[in-house]
Amino acid sequence: MELSLSNFFNCEKMIKPAQQIGTIPPSKQIYQNTINLAWPSAVERVLVSLVGAMDTMMVGILGAEAIAAVGITQQPTFILLAIIFSLNIGVTALVARRCGEEDYVSANKILRQSIILVGILSALLACIGFIFAKPILNWMGAGSDTLTDATIYFRIIVIGMFFNALSLNINAAQRGAGNTKIAMYTNITANLVNLIFNFLLIGGHFGFPALGVAGAGIATVLGNIVAFSISTYGIIRSKTPLKLHLKDSWKLDFKILKSIFNISSSAMVEQLCMRIGFLAYTKMITSLGTVAFATHQICNNILNMTFSAGDGMSMAASSLVGRHLGAKRSDLSIIYGKTAQRIGLILSSILVLGYIFGRTPLIGAFTDDPQIIALGSVIMLIVAAVSPLQISQVIISGSLRGAGDTKFVARTSFISILVIRPIITYILCYPLGLGLFGAWIALLLDQGLRLILNIIRFSEGNWIKIKL
């Protein structure tokens with residue numbers, strides 16, 4: 001199929017006559033269906049990223065060292081959660097496909113088996129993170145001015161990993177069934193809890209102790225526990241066919257576990273490649289100094305808002321693509337994938353303007369350090385350039401994952417994140433002496449490469465033939 005921008009953005013041109021196997025709803029209805037499913041997911045993902053952003057923002061009153069201490073724990077935390085994230089990708093794809101086939105008995109079996117699996121793995125990973133916190137952060141490059149606070153914060157965070165992982169898992173299954181609002185309500189409440197206890201425990205207010213960085217960690221864990229409680233209550237009391245029945249069989253079903261692993265294995269490779277690549281990337285930035293790393297962490301938190309909005313659209317695309325493939329409507333899978341992409345482009349255009357014209361106030365919301373504000377205001381111009389590329393590639397990746405095409409996405413991540421980004425970062429940061437600017441230019445090139453590869457893959461259309 002000929003690849004061109006007009007072809008990519010035109011739904012009708014993407015549909016071959018042989019693929020038109022039923023009536024296609026009016027464009028208005030397609031957009032409405034996509035938005036109805038996407039906006040709760042987008043809000044949810046933004047709220048999840050706000051947990052880390054609020055911790056960074058509210059410890060900013062303690063200085064650049066505190067910002068760096070919280071920031072340096074981010075990649076090790078995501079590495080520990082990489083297995084959970086990959087399993088959730090498989091759960092969403094399988095539940096979406098079974099719901100599209102109206103096989104709700106199998107969808108609920110997948111839900112129960114994934115809860116057992118995620119519960120065991122998250123408890124094990126939390127123990128590893130707690131025991132080896134100090135050597136992990138020391139290897140990450142934490143300096144003497146940040147290591148103690150970073151270790152305390154990291155150990156507190158991993159205690160809440162069990163609750164966080166189970167909540168994410170339940171919400172992933174709910175998204176596969178098309179229920180995205182419960183995850184949004186969960187994270188709104190969890191973020192309010194985190195925000196309140198950040199205020200109470202970081203600086204010490206209304207009689208609460210001033211715990212500094214440790215207080216931010218405790219607030220996050222409390223938010224995780226609340227999120228888990230709401231997610232569990234929501235799936236038990238669900239009025240949809242996807243519902244958790246405690247009296248049903250909870251014995252391990254290795255056939256279902258195998259199907260989850262078959263889809264998740266490639267996603268697991270992708271996640272590990274991403275996290276190792278991000279780890280190498282972050283480690284190079286930590287060696288640039290505390291001010292540079294604190295600036296990077298603030299800009300990265302802002303960029304995460306872009307990623308989160310795109311990730312929400314990606315989850316909606318994944319669910320819509322998977323469910324319509326299950327219903328034998330590959331034509332609608334293509335249309336919904338492209339519709340999510342169009343909406344994402346509109347959203348990214350708004351964010352670009354906000355980042356360009358509001359860059360200094362955005363950095364100032366995190367810190368009053370003049371060095372960080374001056375450096376961050378320039379980096380934010382690169383953030384603005386990255387945003388549309390990131391949102392677009394994330395949405396297309398979600399469409400491919402929803403179809404079960406996780407191997408291609410994993411290969412793309414391996415090439416771009418694990419190989420190309422670290423190499424370019426090193427060259428630009430050190431031999432060429434561009435410092436933090438070089439690191440962000442490398443990120444820009446990485447996002448652009450992944451976008452091109454994903455556009456080509458989606459346009460070829462082979463993903464509609466994948467059997468789950």
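This is a predicted model: local features need pLDDT of at least 70, side-chain atom pairs count only at pLDDT 80 or more; totals for chains, interfaces and linings use all residues.
Reader: How many aromatic pairs does a search of the whole structure find?
Author: Six aromatic pairs turn up.

Reader: How do you describe a pair of rings?
Author: You give the distance of the centres and the angle of the planes.

Reader: OK, what about Phe197 and Phe208?
Author: They form an edge-to-face pair. The centres are 6.5 Å apart, with 90 degrees between the planes.

Reader: Where do those two sit in the chain?
Author: Phe197 is in helix α10, residues 181-202. Phe208 is in the loop between α10 and α11. Eleven residues separate them, and the pair links distant parts of the chain.

Reader: Now Tyr426 and Tyr430. Why is that pair tilted?
Author: Their planes meet at 40 degrees, so the pair is tilted. Tilted pairs fall between stacked, under 30 degrees, and edge-to-face, over 60. The ring centres of Tyr426 and Tyr430 are 5.5 Å apart.

Reader: And how accessible is Tyr426?
Author: Tyr426 has 47% relative accessibility, so it counts as partly exposed. Tyr430 is partly exposed as well, at 32%.

Reader: Which residues do ring pairs link into a cluster?
Author: Phe162, Phe163 and Phe228.

Reader: New topic. Which residue lies over the face of Phe130?
Author: Arg155 does, at 5.4 Å from the ring centre.

Reader: And over the face of Tyr281?
Author: There you find Arg421, at 4.7 Å from the ring centre.

Conventions:
Residues are numbered from 1 along each chain as its sequence is written. Side-chain values use heavy atoms; hydrogens and water are left out. Helices (H or I, at least four residues) and strands (E, at least two) are DSSP runs, numbered from the N terminus. Buried means under 20% relative accessible area, exposed over 50%, partly exposed in between (1.4 Å probe, protein chains only). A charge sits over a ring if NZ of Lys or CZ of Arg is within 6 Å of the ring centre and within 35 degrees of the ring normal.
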